[in-house]
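Hi,

Here is the structure I promised to pass on. Have a look at it first, and my notes follow below.

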Amino acid sequence: MTVAGMAPREFLTDRLMLGLVALVALVLGMPSLKPLFATLYPGLDRPLYEAESFVRLTLDHMALVSLSSLAAILLGGGAGIAVTRPWGREFRGLLETVATMGQTFPPVAVLALAVPVMGFGPEPALIALTLYALLPVVENTVAGLDGVSPAVLDSARGLGMGPAEVLFKVELPLAAPVILAGVRTAVIINVGTAAIASTVGAKTLGLPIIVGLNGSNQAYVIQGALIVAALAVVIDAGFDRMAGWLTRWSRR
Amino acid sequence: MTFRLPLYNRVALLMAMAAAIAAVVLPFLGFAPNRLLSGRPVPLWAAVQGPGGLAILPGLVLLATPFLRPTRIGLGLTVAAGGLFAAGLVWLAGHHATELAQGASAAARTSFASGFWVMAAAGLLTAVDAARWMGLGAVGRLAVGGAVAGLVALQLATGHLDALSILKEYANRRDVFADAVLRHAMLVAAALVPTLLVGIPLGVAAHRFQAVGRAVFPVLNVVQTVPSIALFGLLMAPLAALGALLPGSGISGVGPLPAVIALTLYSLLPIVRNTAVGLDGVPAPVREAARGMGLTPRQIFLRVDLPLALPVFLSGLRITVVQAVGLAAVAALIGAGGLGAIMFQGLFANALDLVLLGAVPVILLAVAGDALLSIGIAAATSHIGLSPGRNAP
């Protein structure tokens, strides 16, 4: 990331705060926009998606993303740690290959394939999102732990630290920015995939979009799309902020 | 006197154990009276009875591979056993599906079940890992993958697998399927043209002038963040309005146009970024040497910058193609057609074989695009004598 992602600090500050304000306003205030959508689309009987509240859908969406991402962090981080220990080294190549190959599988196809295995509902969505999120987390955990210089490890051991202490006090803190970047990739993909998960029976912010597309109700589509886009931008900006903190903290 | 088996390959041991447990515990196939009812499980032991069971003999070799010395021969045998086991499982599935079809109604369906997937994955992963230990390069590994794919393709071509439900779905919509594959590829190609036309100049500009990068990358990063389904949705309204303003222009909020626009917007970031990063990575002394040899700026760009930046650029193109194949599947929701249309039709109608018929080719297209471009990257890299992936983000 030499060129990309470099932006003045003020822009980022604004992006997170503005995004948050916009997101909350959209989620809470969408019902009061009903007259606006009624004017924009006079042909529609129901210009506002009211089958579920947008607050409910947003919370469910965030729950699905958080649960799958947490599971992926625990499992993927654990696997990444395991294959960088001396006793797990043999499995490293396999894990890296699976992580690289798996990421060429489009998330939407993974989601669809979970249905024949698990049936419809939030469960296949949760499993598919977890599996997909695992890959960037694993990849970056291995890369991050790998990037810790052997000299640092040697001096940590020289200070009398045990393997667990070296891992938690030296390796993981130093690898944290790289691991966080993997988590960010995973979470952003999951926000989008969770929206598509409405097609497999999970009630997320994708539901108004899918219902709107199937019933030619453009107002529903716009309402769902605006909120899910704002959610993704806010989460990304939040990760940006966290990455900034981490870098400053680890330089200390 | 005790004899201890020497364990050389713990990865193969784990995979062999997973395959063995799946063979005993999990159903190999599912057999249903028709496509809407759920099937009864068919265990592996029921399928291997008779001479057809010989097809999974490589599985027995697979059980022995953890104890093979990691010589070229031992590893080669492991690769072969893993790949042939996976292909053999497919053959056995087709064989047993044909047996089950005799004496059943034409509506009966035989599909792959969890045991098949676990065993096939275990075989393939053993082969992949052993190929890596052998030190096979990208091209060698692709050759192994191609050989296994070829064995399955041969079974497809000879009609051996026709009794499996996914092929029955295919037989029902042969024409639709061929159109969908073509349409899917066309969507990706149609997005690549504007992406390359705009993205490469933008990337060159971002490399030359920092201000361009500072202006362009934050915007492209935000676009990349927005979920595809939301971007498709947000493009609908303005395009529909534009179409209403210009009747007869063919512009519409649904169909291929919004899909191609959205795909292009997503594809720009990897192309612009990797073009800029690739050019940034060309060592300054190399450029100076070229200048010293009397090359004009144009010649330096064409003969020095371009070849040296090519591997990084191609890895950007690889990201773009893989991503676009997946996004084009989502675009089926706004009526763009393609394989996603088959997939979502299956999901909305609860026809799971139809889901497979849409989703599996999407994955294969993405994997094939990835494989082709990684050959290109390997060729471009060896051409300039650099290690692959250097400077790649």
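A quick word on terms before the notes: by contact I mean heavy atoms within 4.5 Å. With that cut-off, 48 residues of chain A are in contact with 50 residues of chain B.

Some housekeeping. This is a predicted model, where local features need pLDDT of at least 70 and side-chain atom pairs count only at pLDDT 80 or more, while totals for chains, interfaces and linings use all residues. Residues are numbered from 1 along each chain as its sequence is written, chains are lettered from A and ligands numbered from 1 in the order in which they are written, and side-chain values use heavy atoms, with hydrogens and water left out.

Back to the interface. Chain A and chain B bury about 4200 Å² between them, 80% of it on carbon and sulfur atoms; buried area here is the accessible area (1.4 Å probe) that two parts lose on being put together, summed over both. The rule finds one salt bridge across the interface of chain A and chain B, where a salt bridge is a side-chain nitrogen of Lys or Arg within 4 Å of a carboxyl oxygen of Asp or Glu. In the A-to-B direction, B:Arg10 and A:Glu90 meet through their side chains in a salt bridge, at 2.8 Å from N to O.

Now chain A. The secondary structure has ten helices and zero strands, counted as DSSP runs numbered from the N terminus (helices are H or I with at least four residues, strands are E with at least two). The C-alpha atoms of chain A fill a box of roughly 75 × 45 × 30 Å along the principal axes. Of its 252 residues, 50% count as buried; the classes are buried under 20% relative accessible area, exposed over 50%, and partly exposed in between (1.4 Å probe, protein chains only). Among chain A contacts between residues at least 6 apart in sequence, 77% join residues at least 24 apart. Its accessible surface comes to about 11600 Å², and 69% of that belongs to carbon and sulfur atoms. Those areas come from the Shrake-Rupley method with a 1.4 Å probe, and for residues only the protein chains shown count as cover. As for charges, the mean positions of the 16 positive and 16 negative ones in chain A are 5 Å apart. Lys and Arg count as positive and Asp and Glu as negative, with His and the chain ends not counted, and each charge is placed at NZ of Lys, CZ of Arg, CG of Asp or CD of Glu.

Chain B has 15 helices and three strands. Its C-alpha atoms fill a box of roughly 75 × 65 × 30 Å, again along the principal axes. Buried residues make up 48% of the 393 residues in chain B, and 78% of the contacts between residues at least 6 apart in sequence join residues at least 24 apart. The accessible surface of chain B is about 18000 Å², with 70% on carbon and sulfur atoms. The 22 positive and 11 negative charges of chain B have mean positions 8 Å apart.

On to salt bridges. Over all chains, a search of the whole structure finds 17 of them. One of these joins the side chains of A:Lys34 and A:Glu50 (3.4 Å, N to O). That pair links distant parts of the chain, with A:Lys34 in helix H2 (residues 34-40) and A:Glu50 in the loop between H2 and helix H3 (54-83), 16 residues apart. A:Lys34 is partly exposed because its relative accessible area is 32%.

In chain B, B:Asp353 forms a salt bridge with B:Arg109, the closest N and O atoms being 3.5 Å apart. B:Asp353 sits in helix H15 (residues 352-384) and B:Arg109 in strand E3 (residues 109-112), so the pair ties together parts 244 residues apart in sequence. Both B:Asp353 and B:Arg109 are buried.

B:Arg318 and B:Asp370 form another salt bridge, with closest N and O atoms 3.7 Å apart. B:Arg318 is in helix H13 and B:Asp370 in helix H15 of chain B, so this pair ties together parts 52 residues apart in sequence. B:Arg318 counts as partly exposed because its relative accessibility is 27%, whereas B:Asp370 is buried, at 18%. Salt bridges with shared partners also join B:Arg109, B:Glu169, B:Arg173 and B:Asp353 into one network.

Last, B:Ala331, in the loop between helix H13 (297-330) and helix H14 (339-348) of chain B. B:Ala331 counts as buried because its relative accessibility is 0%. Leaving out residues up to four places away in sequence, B:Ala331 touches B:Phe232, B:Ala259 and B:Ala336.

Cheers
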